[in-house]
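Subject: Structure for your review

Dear colleague,

Please find the structure below, together with its sequence. My findings follow it, and I would be grateful if you read them with the structure open.

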Amino acid sequence: MLAAVSLPFPGVISPREYRGDVQQRRIQRKWGVAVGVAVSGSSPQSSATSEVGTEINGAGKRVEGARNAEKMPAPVSEGRGEKLTVLYEDGFGDVSVKDYLERAREIIKPDGGGPRWFCPLECGAPLKGSPLLLFLPGTDGVGLGLILHHKSLGRVFEVRCLHIPVYDRTPFEGLLKVVEDTVRNEHARTPNRPIYLIGDSFGGCLALAVAARNPNIDLVLVLSNPATSVGRSQLQPFFPILESIPNELHVTVPYLLSFIMGDPVKMAMANLPGGLSPPETLDQLSRNLTSLLPSLSDLADIIPKETLIWKLKLLKSSAAYANSRLHAVRAEVLVLCSGKDNMLPSTDEAERLRSSLKSCKVRYFKDNGHTLLLEDGLNLLTVLKGTSMYRRSKKHSFIADFLPPSMTEFKEKLPNSSWLNAAASPVFLSTLKNGDIVRGLSGVPNEGPVLLVGYHMLLGLELDPLYEAILSEKKVMLRGLAHPALFTEKFESYQKEAPRSDIMRVFGALPVSPLNIYRLFSKKSFVLLYPGGAREALHRKGEEYMLFWPDQPEFVRMAARFGVTIVPFGVVGEDDVLQLVLDYNDLQRIPFTKEWIRELNEGFVNLRMDVDGELSNQDFHLPGVLPKLPGRFYYMFGKPIETRGMKTIKEDRAMADQLYMQTKSEVENIMAYLKKKREEDPYRSILQRALYQVSWGSREIPTFEI
């Protein structure tokens, strides 16, 4: 719900829940507006008081007494607490582009006011200590371009959106001052907290200009198809024609532009529910398109002819201003670019900005159009999580700033898990404290700190089904410790679209280091550690199920210090799914692949520099594999090893070595057990499992007798 409609004055009302339904109805009757929108001055989601009729000027400051306003009742300003729960409901996908058009129809009604900030009611109250997010709109100026993301972003940001009225003619420098004054005021209020500027198209130019003029303010810029490339636009030759179109024909221009700027099909898919069958998906998509297309005619009211001509001039001046000052931008920048942007050369522009700016990441969406934020295929909060760009202080922390995955991300961002679960039908076993083996994860402790230590299959094939099982059954967040190279910009650059490391970060992965392990254990986290590391996950031919653990008891002393419960586990099945045909040794014999491996690993930290022999060889590479008719994955978690009361292990080297070797032997014994028992599984073959499912439906497929 958005409530800044038909306002009789250029101010708006603070978006909070107020005490007393009677008082709220009285206020709504008096001012003809629902309580639900705010303008800057103080934080709209966190300040304690507000006044009805307080006018907000162009600088984002309150002008007291703008009207004979009645005092608002004191709002309840408490946030949602300090953290989110695992698989929380983020509300993403509840609204569509049709909602954008319907709400825009209301908010564009003239009120004589200038640009102002508002906060959508559905954003709600954010987590305690959440940073401020300012949305800077594209050429439409409505400020509703984040409507698909309001609920999800509102959980972890104080969200404000800039609204530029349809008939407002504030020049670029004036708009720049509105945003800049707000940024400076908020920075003075919370100097140790970053401010996020989300710039859509034209808003991207505005964000860059603010950042260039304020290099000492901690800003994070997210630019969606920024209009800095408008001078190279594919539509440049048509801009003069738009000015000469008769007024009576202008109604067709926004309608045509909507097809050029965005993909109506992707827009209609934005709120499709998951889990639909292909016929159901097609039917719902058809319904969405049928209801959306007639609404596109409203764009003529959002961007009338005079406004369109003005906005085109504004685009040119904003792009020139921003491009001339790129060298001064010190902010952290994330560029989101579309592969099917028919309005701007966004892909080329993203690469130009990457090379021109001091700190810039790029994420590429090959199937989306110019209106990326209103289309299917992008969850903005997920992108921020995956790029490690969400933070609440001056420097990102993989632990303090971590946000758990939502239910939406769980359903949509574990793509390998879906096909692996279908193809490999994993079996999960665990061991109770009395030594009994049971199916499921009941033997895995429910409370941390817990350390899962096990075998890393080829290419980490076991990870997605493992995470899905832990999240589904235990409802806990498993923090996986990964090689630091996976979090470097160089590694990301080899994967232009949605790097695997982004998904890893969304689901809790962080660089392995003694400090990170210490911090995780101190917070009683569930931690996943592979002592064999990259060498184990990229093993050679004939090395299946071999452990490449170092001799030093690396994790034992730290675990004992915090009384961590160690759970050894093993997994088998990679040889039932893939056949390794080209390993590291084979690739080293081929000149061009040898050179590629050398270039890929140049500059990466070797975590085993102090180890001799094969254990020190952890070069990243992509082995050649061939798929097999899928067999089955088998996971087993051993009997938990309690380290409480073992604090003396810090000084007792022999005791530490003993516990380390006990853990390693347990992992080896588990894999030996699983390799033997899988021979007794009548449903090891996918063909047998398919026949079972035809007969019994979606029931859990049996396995060997335990």
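A residue is called buried here when its relative accessible area is under 20%. Thr-182 has a relative accessible area of 2%, and therefore it is buried. Thr-182 belongs to helix 4, and its C-alpha atom is separated by 9.3 Å from that of Leu-134, 48 residues apart along the chain.

Please note that this is a predicted model. The mean pLDDT of the protein is 82, with 76% of the residues at 70 or more. Residues 1-79 have a pLDDT below 50, and this stretch makes 181 contacts in the model beyond near neighbours in sequence.

Overall composition

The protein contains 25 helices and 20 strands. Of its 706 residues, 58% are buried. Among contacts with a separation of 6 or more, 82% join residues 24 or more positions apart.

Nonpolar cores

The largest nonpolar core comprises 73 residues, and those with the most contacts inside it are Leu-452, Leu-466, Leu-528, Phe-555 and Phe-637. Helix 24 (residues 653-677) supplies the largest share of this core, 7 residues. Another core, of 51 residues, lies apart from it and includes Leu-136, Val-178, Ala-212 and Tyr-321.

What surrounds Leu-466, leaving out residues up to four places away in sequence? Leu-466 touches Phe-428, Leu-528, Tyr-530, Phe-569, Tyr-635 and Phe-637.

Two packed helices are described by the distance between their axes and the angle between them. Both values are given here for two pairs.

The axes of helix 5 (residues 202-213) and helix 11 (residues 305-323) come within 9 Å and cross at roughly 35 degrees. This crossing of helix 5 and helix 11 is left-handed. On the side of helix 5, the contact is made by Phe-202, Cys-205, Leu-208, Ala-209 and Arg-213. On the side of helix 11, the contact involves Leu-314, Leu-315, Ser-318, Ala-319, Tyr-321 and Ala-322. The residues of this contact between helix 5 and helix 11 divide into 9 nonpolar, 1 polar and 1 charged.

Helix 4 (residues 172-189) also packs against helix 11: the axes come within 10 Å and cross at roughly 60 degrees. Here Phe-172, Leu-175 and Leu-176 of helix 4 meet Leu-314, Ser-317, Ser-318 and Tyr-321 of helix 11. The contact of helix 4 with helix 11 has 5 nonpolar residues, 2 polar and no charged.

Backbone features in loops

Ser-201 has a phi near 55 degrees, a positive value in a residue other than glycine. Ser-201 sits in the loop between strand 6 (195-200) and helix 5. Is Ser-201 buried or exposed? Its relative accessibility is 5%, so Ser-201 counts as buried.

Ser-425 has a positive phi as well, near 40 degrees. Ser-425 is placed in the loop between helix 15 (415-424) and strand 10 (427-431). With a relative accessible area of 12%, Ser-425 is buried.

The peptide bond from Gly-448 to Pro-449 is cis, with omega near 5 degrees. Pro-449 is part of the loop between strand 11 (437-439) and strand 12 (450-454).

Two buried leucines

Leu-578 lies in strand 17 (residues 578-582) and counts as buried because its relative accessibility is 17%. Apart from neighbours within four places in sequence, Leu-578 is in contact with Leu-459, Leu-461, Val-625, Leu-626, Pro-627 and Lys-628. The C-alpha atoms of Leu-578 and Gly-631 are separated by 9.6 Å, while the two residues are 53 residues apart along the chain.

Leu-378 is located in the loop between strand 9 (360-365) and helix 13 (380-386). Its relative accessibility is 2%, so Leu-378 counts as buried. Not counting residues up to four places away in sequence, Leu-378 touches Phe-92, His-149, Leu-336, Phe-365, Leu-372, Leu-373 and Val-383. Leu-378 and Leu-148 are 230 residues apart in sequence, and their C-alpha atoms are 9.6 Å apart in space.

With kind regards

Note on methods
Residues are numbered from 1 along each chain as its sequence is written. This is a predicted model: local features need pLDDT of at least 70, side-chain atom pairs count only at pLDDT 80 or more; totals for chains, interfaces and linings use all residues. Side-chain values use heavy atoms; hydrogens and water are left out. Axes are lines fitted to C-alpha atoms, for helices over the stretch in contact, and angles run from 0 to 180 degrees between N-to-C directions. Helices (H or I, at least four residues) and strands (E, at least two) are DSSP runs, numbered from the N terminus. A crossing is left-handed if the near helix is turned anticlockwise from the far one by less than a right angle, and right-handed if clockwise. Contact means heavy atoms within 4.5 Å. Ala, Val, Leu, Ile, Met, Phe, Trp, Tyr, Cys and Pro count as nonpolar, Asp, Glu, Lys and Arg as charged, and the others, Gly among them, as polar. pLDDT is the predictor's confidence in each residue, from 0 to 100. A nonpolar core is a set of buried Ala, Val, Leu, Ile, Met, Phe, Trp, Tyr and Cys residues joined through side-chain atoms within 4.5 Å. Buried means under 20% relative accessible area, exposed over 50%, partly exposed in between (1.4 Å probe, protein chains only).
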